[in-house]
Each structure stands twice: as C-alpha cells, then as structure tokens.
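Please report on the ligand site and the domain contact in this entry. Keep it brief.

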Amino acid sequence: MSSSFHPTPRTLMGPGPSDVHPRVLGAMAKATIGHLDPEFIALMEDIKDLLRYSFRTENKLTLPLSAPGSAAMEASFANLVEAGDKVIVCINGVFGMRMAENVRRMNGELITVENEWGTQVDPEKVEAALKANPDAKVLAFVHAETSTGVRSDAKTLCALAQEYGCLSIVDSVTGLAGIELEVDAWNADVTYSGTQKCLSAPPGISLITFSDKAAAQVKARNTPVQSWFLDLSLLMAYWEGDGARTYHHTAPVNAMYGLHEALLMVQEEGLENSWNRHRAMHEVLVENLNSIGLEFVVDASYRLPQLNLVKIPEGVDEAAVRKRLLSEFNLEIGAGLGAFAGKVWRIGLMGYSARQENIQLCTSALKHCMR
Ligand SMILES: *Cc1c(COP(=O)(O)O)cnc(C)c1O
C-alpha cells in the first residue's frame, strides 16, 4: 500500500536546488486557475517585468520556459542555429560541454575553445578563434560554471562577440541574482537562467531573454526551428499576443506562482543587495572553513561566491562524509564532477541558502563528520 510522501526537510547547500523560501512554497499552494484566466494572464505580464528587472534588460522577448535550465540552453541553440552555421563554444566545465553537444545535434559547425577546468574562459583564446573564423555566427559560453565554481568575464566575452559580428549566448543559470549580470549594458544577445539556483524557487522552470538583434535573427531563419516546443515565435504568441494569446502548451500554473514570488523577493531585496549578500556570505564561509583546515580550489579573483569548490583533505572519504551530513544533519552538499570527481566538495550558497545559519551548520557538521 502506498501512502502520502513526506520528505524530510533538508538544508540544501549543493549545486542546486537551493533552499526554497517558505513564501515561495506558500505561493505555490494557492488555488490553481486556468492558464488563460485573465488573472493568470496578468501574472504572466508581471513575471515578464520582474524578469527584466532581474536580468537588467529592456528586451521585449523575455519570458519563462515551462521546462528546466537545460531546456533554456537547448532553446538558445535551437532558435539561433541552423544546419551548417558556425558556432564557437567555450568549454571550461560540464555545462560548456553540453553547449557543444547542442550544437552538434543541431548540425551546426562546432568550433571549441578549451580552457582548463577550474579556470576562466580565456578572452585571448576566444579572440583568436573569432579571428580564425570570421564566418562564425554565435559565440556561446557559461557565465557561472557550476561544475567548477568559476565566473567567466561575461562583459568582455559579449563585447568580443559584438566586435566580431557574432551573437552571444550566455548561460547564467547559476549567475542570475548571485553575481553581477547586466544583459543590456553588456549587450548579451541570448541569456538564460533557472529557478533553482540563486532565485531559490523549485526546479522545473527556466528564464530566457533575447536581444532585438537575436530576435531578428530568429525571424530571418531559412528553416523552421527544429523543436516545436522551444520555437520562440510560437512561445511568444502564448506569452505576448495582447488580448489574443494563443494556446501553445499549458503553463505550469502553480510553478509560475512560485517563480513570481521568488522574483518579487529579489526585487524587494534589491538586485545589488542580493549580489552583496552572496559575496558577504561567501566570505563568512571562507573564514569558517579555513578555520577547520579546509581549502578552496578556485582563485579568489574569479571564484563564484554562490558555488564553492573545497578540497577534500588527505585520508577523508568524501562520499562517506556527504552521506553522514545527509543522514545525521539533513544537510546536502555536492560532489565533484568531471575533472574534479572525488577531489572536491561543491558547497552552494545560493539564494535563500546564502545565510548565516546554513554556514554555521555546514561548518560544524563538516568538522564533526570529518573526524
Ligand atoms: C543547473 C545548470 C543548468 C541546467 O539547469 P537544469 O534546471 O538542471 O536543467 C545549466 N547550466 C548551468 C550552468 C547550470 O548550473
């Protein structure tokens, strides 16, 4: 006989999902209404405005997608890339590799710029690739590499894309609300993010914004977008269409309530305050973990405050420690990925997780479980 599911409340300090604020969970428990109900349509408008606030953009094409961050990545490539188009993808971790795989599957001509894991995307290498490939159409990179805890210089990379006549695709799934992101000031063309990192809403939705230039490129395609579900022009008829919205899919109504509340909380706090809080909590984490003998992996000048790679000390069984943190302290932290598998823990300080009580718990629990 099955019974209702009652998850044990956990403290989420891994690479996502992050802790969800009770206000967001409360919003999601409100009555479900129709996805074309005038009240829901008003909510959709408000969500788009709040997204523009968080992305720092006036882009008209700014909307949530009813699917997780990976779908926003796929939507970026599906809409901008046609078969045979040359695309430069910067790789310094797992998510850059996934971008490259998207280009392959869309039959684009893939050029990769490889960077060592744990380091930034090197603008000099990118410029060399742009010079060597004057016919490249798109430059894609990850702003905040969650697999390595590295921030790349999105401002410089977007400027290079513009200088060499490329459109930029910026993955800021982990960046948004955690570190500075200025879509308009940096002239980023397609930028996407997710709900479950620094926005602290549950996973399942993503956010995407297209510059006018990128939108024009989508309109000028010779072939239809190969994904029906992620075709931006069809999606916009649903998310725009003043008074005449056409049914495309049924939006996850209650998940949108949660997204709205999470975005509202970012606006209430103020975007800069949110960036500063992540930075300040990161500094507290550094002080705490250093005091129990743990070291950070990534150079402080380009380290993500919201995702911290910590070296596993000699003789410590990393998986056993994570297991004990979960079973004895209800605390989740992340394992290393790819080149860092077995060598690091990934400790997230994202959104509502970036607060003192979490850091104190993490420090004392780690100390206890490493003994
Ligand atoms: C989490 C993440 C994604 C994928 O988001 P999902 O919601 O897990 O599909 C993409 N890019 C980066 C950098 C991420 O951290």
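## Model

This is a predicted model. The protein chain splits into two parts: domain 1 (11–16 + 271–369) and domain 2 (22–267).

## Ligand shell

The residues around the ligand are Pro68, Gly69, Ser70, Phe95, Val142, Ala144, Thr146, Asp171, Val173, Thr174, Gln196 and Lys197. By class, the shell holds 5 nonpolar, 5 polar and 2 charged residues.

Ser70 places a polar side-chain atom 2.5 Å from an oxygen atom of the ligand. For Gln196, a polar side-chain atom lies 2.8 Å from a ligand oxygen atom. Thr174 also takes part: an N or O atom in its side chain is 3.1 Å from an oxygen atom of the ligand. With a polar-contact cut-off of 3.5 Å between N or O atoms, these distances qualify.

On its own, the ligand has 380 Å² of accessible area, and the protein covers 89% of that.

## Domain arrangement

The centres of domain 1 and domain 2, taken over C-alpha atoms, are 27 Å apart. Domain 1 brings 25 residues to the contact, and domain 2 brings 30 residues.

About 2200 Å² is buried between domain 1 and domain 2. Carbon and sulfur atoms give 63% of that area. Which three residues supply more than any other three of the area that domain 1 buries against domain 2? They are Leu271, Trp275 and Tyr302, and they supply 33%.

Glu272 and Arg56 form a salt bridge. Their closest N and O atoms are 2.7 Å apart.

Key
Residues are numbered from 1 along each chain as its sequence is written. This is a predicted model: local features need pLDDT of at least 70, side-chain atom pairs count only at pLDDT 80 or more; totals for chains, interfaces and linings use all residues. Side-chain values use heavy atoms; hydrogens and water are left out. A residue is near a molecule or strand if one of its heavy atoms lies within 4 Å of it. A polar contact is a pair of N or O atoms within 3.5 Å; within protein, one must be able to donate a hydrogen and the other to accept it, and residues adjacent in sequence count only if both atoms are side-chain atoms. Accessible areas come from the Shrake-Rupley method with a 1.4 Å probe; for residues, only the protein chains shown count as cover. Ala, Val, Leu, Ile, Met, Phe, Trp, Tyr, Cys and Pro count as nonpolar, Asp, Glu, Lys and Arg as charged, and the others, Gly among them, as polar. Domain bounds come from an automatic or database domain assignment. Contact means heavy atoms within 4.5 Å. Buried area is the accessible area (1.4 Å probe) that two parts lose on being put together, summed over both. A salt bridge is a side-chain nitrogen of Lys or Arg within 4 Å of a carboxyl oxygen of Asp or Glu.
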